[in-house]
Amino acid sequence: MVIDAKEYRRVCSCGRKHEMTTDFCVVESGCLKKMDEYLAQAGMSGFCAVVYDENTYKAAEGVRPVADQEIVLNPEHLHATEKAVAQVLEQLSPKAQYLIAVGAGTIHDITRYCAHEREIPFISCPTAASVDGFCSSVAAMTWYGCKKTMPARAPRFVVADLDIIAKAPLFLARSGFGDMVGKYVALSDWKIAAVVTGEFYCEEISEMMEKATAAVLESAKGIAERNMEAFEKLTYGLLMSGLAMQLMGNSRPASGAEHHVSHLIETAPESMGISSDALHGEKVGVATILASAEYHRLAGMKEIKWRDYPGLEESFILETFGEELGKGLIEENRQDCAQGITKEMLAAHWEEVCAIIDKIPGPDQLRSLYRQIGAKAELADIGLTEEKTGMLLDYSPIARNRLTLMRLRRAMEA
């Protein structure tokens, strides 16, 4: 399968001409062996540096791209942080004319950010279908303890070798599955924001994501059986998610309340006693069930007492998250995306909002899908107790200044 991403460089039906850096994505068995052909096709040459971690370096043995420099990172406690970025930039030759990431999500975020810093092109070679950010133009970073979406380089092209991806540990594919299922909540949050506030919404991008997500869900059984066609659909969906983010210019089509729960857990606020070693997609998968359950509960309430959105007080953020993490979150929320939303606005559009929620798979349906592939579905599966549910729902919107129904819950009194 080859995705010709250049076809998206046109005026969309929404009226915008979306930007697209990526030329093409190849999702085939053995395609990593043809890297020279793809470089020539993209018109790229010169000093090449490739970034791996030790695990992916071994996994790609025999098919590693020819490179002038190889940077191999220690995978133990490796995260996309300012420290990992500094480690790569310190080693990276000043002669480097383009960077290749061979690995999963963390390696990609580190490498794409370094490419952005050096202002050189970036090429993506996923070794596992674990996350949706391979084609993204942003990097999900934990920057000095605060979860941030940082500007980064989208890949010029992607080479996703199914022979390598299918051999990766199955829990990585389960993580990718969780990341994709989360799109049901993310797209609903986007639609809700458009209905309530008139936020820009692109029907074509949304439909593109809905179709890719549906295809992934249909392949659940095949993923568990390591069926190559199912892995192809999963990889395709993850790549399309990144392309959607490129077209939009941010992560709106792929990240909503479910990702904000994951972000909150990843920042591990000491005062809340929440942290998890689970993969990003695993946390997103569990958070999707939490969000689905809460959204359907809200939509099913017979009576809601509305109030004007109350905003976020700095003192409340500091008291809740502590001094160190709180300062970053105050900055993140300084221009509160929900400020100015009135109870009249919410009440007037609530019927439309409920219709949007109705299309989100319910928590029981999601659990059934997860069971088909052995994916993590409960908070206990990612090392948290059910008692943390209320805390995660209440405080996760603060992790990212983006309008979601979870954030608007602050304007509801049951």
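Visitor: Where does the charged end of Arg16 sit?
Guide: The charged end of Arg16 is placed over the ring of Phe200, 3.5 Å from the ring's centre. Bear in mind that this is a predicted model.

Visitor: And which ring does Arg64 sit over?
Guide: The ring of Tyr57, with the charged end of Arg64 3.6 Å from its centre.

Visitor: Let's step back. How many helices and strands are there in the chain?
Guide: The protein chain has 18 helices and 11 strands.

Visitor: What is its radius of gyration, against that of a compact globule?
Guide: The protein chain comes to 21 Å. A compact globule of 414 residues would be near 22 Å, so the value agrees. Along the principal axes, the C-alpha trace spans about 65 × 45 × 45 Å.

Visitor: What share of the residues is buried?
Guide: Of the 414 residues, 58% count as buried.

Visitor: Where is Thr127, then?
Guide: Thr127 lies in the loop between strand 6 (122-126) and strand 7 (138-143). Thr127 has a relative accessible area of 7%, so it is buried.

Visitor: Aromatics next. How many aromatic pairs are there?
Guide: The count comes to 11 aromatic pairs. One of them joins Trp143 and Tyr144, an edge-to-face pair at 6.1 Å centre to centre, with 85° between the planes.

Visitor: Are those two buried or exposed?
Guide: Trp143 is buried at 18% relative accessible area, whereas Tyr144 is exposed at 61%.

Visitor: Why is the Trp190 and Tyr201 pair called edge-to-face?
Guide: Because the planes of the two rings are at 65°, and an angle over 60 degrees counts as edge-to-face. The ring centres are 4.8 Å apart. Trp190 lies in helix 7 (residues 183-197) and Tyr201 in the loop between helix 7 and helix 8 (203-218), so the pair ties together parts 11 residues apart in sequence. Trp190 is buried, with a relative accessible area of 0%.

Visitor: Which residues do ring pairs link into a cluster?
Guide: Phe24, Tyr38 and Phe157.

Visitor: Is Asp179 buried or exposed?
Guide: Asp179 is buried, at 0% relative accessible area. It belongs to helix 6, residues 170-181. Not counting residues up to four places away in sequence, Asp179 touches Val131, Asp132, His259, His280, Gly281 and Val284.

Visitor: And Phe321, what surrounds that one?
Guide: Beyond four places in sequence, Phe321 is in contact with Leu264, Pro269, Ser271, Met272, Gly326, Leu329, Tyr395 and Ile398. Phe321 is in helix 13 (residues 314-321) and counts as buried at 5% relative accessibility. Phe321 and Ser271 are 50 residues apart in sequence, with C-alpha atoms 6.5 Å apart.

Visitor: Last topic, backbone. What is the phi of His77?
Guide: His77 has a positive phi of about 60°, although it is not a glycine. The residue lies in the loop between strand 4 (69-73) and helix 3 (82-91), and His77 counts as exposed at 68% relative accessibility.

Visitor: What about Ala268?
Guide: Ala268, also not a glycine, has a positive phi of about 50°. Its place is the loop between helix 11 (257-267) and helix 12 (280-299). Ala268 counts as partly exposed, at 29% relative accessibility.

Definitions and conventions: Residues are numbered from 1 along each chain as its sequence is written. This is a predicted model: local features need pLDDT of at least 70, side-chain atom pairs count only at pLDDT 80 or more; totals for chains, interfaces and linings use all residues. Side-chain values use heavy atoms; hydrogens and water are left out. Helices (H or I, at least four residues) and strands (E, at least two) are DSSP runs, numbered from the N terminus. Buried means under 20% relative accessible area, exposed over 50%, partly exposed in between (1.4 Å probe, protein chains only). Rings of Phe, Tyr and Trp (its six-membered ring) pair if their centres lie within 6.5 Å; planes under 30 degrees apart count as stacked, over 60 as edge-to-face and the rest as tilted. A charge sits over a ring if NZ of Lys or CZ of Arg is within 6 Å of the ring centre and within 35 degrees of the ring normal. The radius of gyration is taken over C-alpha atoms; the globule rule is 2.2 Å times the number of residues to the power 0.38. Contact means heavy atoms within 4.5 Å.
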